[in-house]
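Subject: Structure handover

Hi,

Here is the structure we discussed. My notes on it follow below.

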Amino acid sequence: MCRDWRGRAALLLAIACLALLVPVATAASASASTAPSIAAAVTPNGKGYWMVQTDGTVTAFGNAKTRHGGDAPDAVGIASTPSGKGYWIATRNGNVITHGDAKFYGTLAFLQLARPIVGIAPTKSGKGYWMVASDGGVFAFGDAHFHGSTGGMQLVAPVVGMARAPAGHGYWLVASDGGVFSFGTAHFHGSTGGMRLVAPVIGINATRSGRGYGLVAADGGVFAFGRARFYGSMGGRQLSAPVVQLAITANGRGYWEFAIDGGVFAFGNAPFYGSAPHEVGGDFVFPFQDRTAVSPPSTWVEDQGVDMFLQNRGADACGSISQPSRADGPVLVAVAAGTIAGAGIDGFGSSAPVLHVEQGPLAGMYVYYGHASGNLVPVGAHVTQGQPITHVGCGIVGRSDEPHVEIGMAPSYPGVPPCGPGCHSSSTSGAMLGWLLTTYGH
């Protein structure tokens, strides 16, 4: 059953405060990057951990050793080798970067993926790995065997992560609504699918025995199933940035929560080895001028970008934030300073503006506003961060029968039109979701 016991306020507060009061240790390699921390991995003996940012920067703590920096753009996952002397990094397009004693067994970088990769998990031997995409498609390399997937199924919510069964003959997938899918020898112990969550689930981690697993939501809420135990969480507390991953200790008597800004929270017997908090919001602002106009994160859907719906959801809600309602919806702003490089994208509507970011960790990227209408600035105009540029359109388009905007991004290439085929093929919804969660409510 679900054990996110937030009602025990005194116990939760005491445990959370202990995690927060531990002195911040110095990282083995301090991060100078302001990109969001997107994933983490714990060394096999539990005496250290790595954190990887979306630009590929890795920071190490405890007995974890940093073996590179910033050579895996669009990173989405990191996994330790059995020895703890190396790791793999997976990127959004399915590329795999190896360091230390991690061996290369294959990549998806040269394939056209239906959906972006969201996670990586190594086999027990370390002689292979799986990667999973947001549609639940699973790709096996080396001695990793395919045991099934949700690829091709109609999912209620996108898959956001995976965990290996201890014996290596199966795995679990988890969706952002907390739905859990088990394959091979991985057994189903429960899920939050169908429950109303405060924030989307963003990760899963199994106990060493495989008889339980924990889910973590972006607000730090922890849900324990099977033999997994609840030792506290950051749920219900004011966080500087959303949580992105959970890691359970070897004996199952504690766990760590890792946040987008590099923060680390330890519960139970999980030791605190340090953290590297960094600012991640200054280079990106929330795209809605009025944050109350958008529905909460638990309703957002990852597509090529991130689908964000209006608070009232119906067609009568797609009006300006100034009343009376108009056909051009709530105001959308430039998430960063740059130039409006184009307007109108195949599949996203004739008005959808494309912003070319000029500085910060997203420099060189195109950010697009799919299904928008009523553009406020012309193509070629330079815009400042936070400047109104368009509105949410009222059309019933895309994967939804409700007015919404799809915020996404894609890299720019010489000679390729702004967001030509790139806005569909270079899916970076996970990284965009990280930026959106970081700035939502701020």
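The lining of the largest cavity has 7 nonpolar, 1 polar and 1 charged residues. Nonpolar here covers Ala, Val, Leu, Ile, Met, Phe, Trp, Tyr, Cys and Pro; charged covers Asp, Glu, Lys and Arg; the others, Gly among them, are polar. The lining residues are Pro 158, Ser 176, Pro 200, Pro 297, Trp 300, Val 301, Glu 302, Val 306 and Leu 433. Lining means an atom within 4 Å of a cavity point; a cavity is a set of points on a 1 Å grid over the protein atoms alone where a 1.4 Å probe fits but cannot get out.

This is a predicted model: local features need pLDDT of at least 70, side-chain atom pairs count only at pLDDT 80 or more, and totals for chains, interfaces and linings use all residues. Residues are numbered from 1 along each chain as its sequence is written, and side-chain values use heavy atoms, without hydrogens or water.

The volume of the largest cavity is about 60 Å³, taken as the space filled by probe spheres set on points joined across faces, edges and corners. There are 4 cavities of 30 Å³ or more.

Next, the sheet. Strands β21, β27 and β25 form an open antiparallel sheet, in that order. Strands are DSSP E runs of at least two residues, numbered from the N terminus; two strands pair at two bridges or more. β21 (331-333) and β25 (372-373) are the edges, each with a single partner strand, so one side of each lacks a neighbour in the sheet. β21 pairs with β27 (388-392) over 3 bridges. Val 333 sits opposite Pro 388.

Last, the rings. Aromatic pairs number 20, counting Phe, Tyr and Trp (six-membered ring) with centres within 6.5 Å. Tyr 49, Phe 61, Trp 256, Phe 258 and Tyr 273 are linked into a cluster by ring pairs.

Best wishes

Terms used
Helix = DSSP H or I, 4+ residues; strand = E, 2+ residues; numbered from the N terminus. 1 Å grid on protein atoms, 1.4 Å probe; cavity = no way out; pocket = protein on both sides within 12 Å on 5 of 7 lines; lining within 4 Å. Phe/Tyr/Trp six-rings, centres within 6.5 Å; stacked < 30°, edge-to-face > 60°.
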